[in-house]
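User: Hey, I've just opened this one and I'm new to it. Can you walk me through it?

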Amino acid sequence: MLKNIKRVLIANRGEIAVRAIRALKELGVESVAVYSTADKNSIHKDLADIAICIGDAPSSKSYLNIPAILSAIELTGADAVYPGYGFLAENYTFASICEKSNIKFVGPSSSALKLTGDKALARKAAEEAGVPTIPGSPPVETIEEALEVASKIGYPVLIKAAAGGGGRGMRVAHNQQELVKLLPIAQKEAEAAFSDKRVYIEKFILNPKHIEIQILADNFGNVIYLGERDCSIQRRHQKLVEEAPSIFIDEEIRKSMGEAAVRFAKHIGFTGAGTVEFIVDKDKNFYFIEMNGRIQVEHPVSELVTGIDIVSWQFKIADGQKLNIKQEDIKLNGHAIEFRINAEDSEKFTPNPGTIEKLYIPGGYGVRIDTHIYQGYTIPPYYDSLVAKLIVWGKNREEAIKRGKRALEEFILEGIKTTIPFHLKILNDKEFLKGTYTTTHVDRNYLGIKE
């Protein structure tokens, strides 16, 4: 139960809004759903205690419209706001306005969000905290600066947007000629995506694993890590399948990565639920990439192997409660895999919104579905293509894979194309079955992208 927060406005939509409403109901707290005109038939508005329309379909006029969100908070009497992921979740300006307006932002402080949202600043903070980082540079502005950095750290190099994420403003240069050509392209893409053209140069790690550490941090200096997730099945830097724990790393590396994530979180004064992301090379050396100061899409796999309700703890921490879980209490039990079911053509990964004509959701022991869809629901074309998350648990990885196959085959979703066929291919993929897959696996073997 919460003591100080009585009503929470959920500044989001889709499955994460439903997830938050469920957690609030169990905590005995009222929920407020906001929705755009395109989401007038979305289930989250029906599940919440209060629902209010905040604008037209484009996210800029609704879910990203800070004045509209603030007006909804005032009109409904909410004393806290939950951002979920995407939209305003990592917008430090929004968090700052909430702080100044005496509205509890369920997440880290605006200053922590500002730091984690700037990859160059986060990298510097990681170095200060003694967390391993990939050899690289501060932001560069000119070709000459970029060439000087690349000559020192060696090719191939990765050009990355300082304010970026999701693969935008990111390019790999294998030599000087490519760097000269790609730097201005990355700068323009970064400016278009983030209104910030700054980029920096990093050593490109060939065929790495993408391993992330889930943390919880309260307002009393207590920080714990909840194991790791392997997020290496991704296309164009967008995650598709996540599993916990990773079979690539051992207990010693898990402990080292977890402790590094905790050091970083403490160093920047982070509170709430966050994820510290690492690249791990073939020799199992790990390097800090970034920190996401929000709930992750893939948080359910960590919940299933630890038995900890991460979303509930987001609210408890925002309410001012102390973590009553110690690091030694965290035991990883079994194996969990999450499959992102997107409304996409699974061959090209292009969006495929439309109306769901027939729907049957799988169930049974060890199967969890997080979704907001229902039969007859029309998926709007304005937002992210994620329509459901299928999460399976088994006493070991082999059992989880078998359960995943069964559940995917049982999942009937007609009227739109989805990524279900892709996931079934992955579960028969030799590299996936062996656990040797890396971040380039899907791009190389399914999309024909060589980088």
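Predicted model: local features only at pLDDT ≥ 70, side-chain atom pairs only at ≥ 80, totals over all residues.

User: Okay, start with helix H8. How many residues does helix H8 have, and how far does it reach?

Analyst: Helix H8 covers residues 176-194, which is 19 residues. From its first C-alpha to its last it reaches 26 Å, close to the 27 Å expected at 1.5 Å a residue.

User: Where does H8 bend?

Analyst: At Leu 182, by about 30°. A proline, Pro 184, follows within four residues.

User: Which residues of H8 are buried?

Analyst: Those are Leu 179, Leu 182, Leu 183, Ala 186, Gln 187 and Ala 190. An α-helix has 3.6 residues a turn, so residues three or four places apart point the same way.

User: And what do the buried residues of H8 pack against?

Analyst: They pack against strand E6 (136-140), H7, E7, strand E8 (171-173) and E9.

User: What happens at the ends? Which residue caps the N-terminal end of H8?

Analyst: Asn 175 does that, with a side-chain oxygen 3.2 Å from the backbone nitrogen of Gln 177. After the helix comes Ser 195, whose phi is positive, near 55°.

User: Switching to the sheet. In what order do the strands of the open sheet come?

Analyst: The order is E3-E2-E1-E4-E5, five strands with parallel pairing. Strand E3 (50-55) and strand E5 (104-105) are the edge strands, so to speak the two that each pair on one side only.

User: How many bridges join E4 to E5?

Analyst: Two bridges join strand E4, residues 80-82, to E5, and the two run parallel. In that pairing Val 81 stands opposite Phe 105 of E5.

User: Which helix packs on that sheet?

Analyst: Helix H1, residues 14-27. H1 touches strand E1 (7-10), strand E2 (30-36) and E4, and its direction makes about 170° with that of E1.

User: Where do Pro 156 and Pro 245 sit?

Analyst: Pro 156 is in the loop between helix H7 (143-153) and strand E7 (157-161). Pro 245 is in the loop between strand E12 (238-244) and helix H9 (251-268).

User: What about Asn 207 and its phi?

Analyst: Asn 207 isn't a glycine, yet its phi is positive, about 45°. You'll find Asn 207 in the loop between strand E9 (199-203) and strand E10 (209-217).

User: Phe 349 has a positive phi too. Is Phe 349 buried or exposed?

Analyst: Phe 349 counts as buried, because its relative accessibility is 6%, under the 20% cut-off. Its phi is about 60°, and it is not a glycine either. Asn 207, on the other hand, is partly exposed at 39%.

User: Last one: where is Thr 133, and is it buried or exposed?

Analyst: Thr 133 lies in the loop between helix H6 (119-128) and E6. With a relative accessible area of 17%, Thr 133 is buried.

User: What does Thr 133 touch?

Analyst: Leaving out residues up to four places away in sequence, Thr 133 touches Arg 123, Ala 126, Glu 127, Tyr 287 and Phe 288. With Glu 127 there is also a polar contact between the two side chains, at 3.5 Å.

Definitions and conventions. Residues numbered from 1 in each chain as written. Heavy atoms only, no water. Buried < 20%, exposed > 50% of the residue type's maximum accessible area, 1.4 Å probe, protein only. Expected span 1.5 Å × (residues − 1). Bend = angle between axes of the 7 residues up to and from the residue. Contact = heavy atoms within 4.5 Å. Polar contact = N/O pair within 3.5 Å; in protein donor to acceptor, adjacent residues only side chain to side chain. Axes fitted to C-alpha atoms, helices over the stretch in contact; angles between N-to-C directions.
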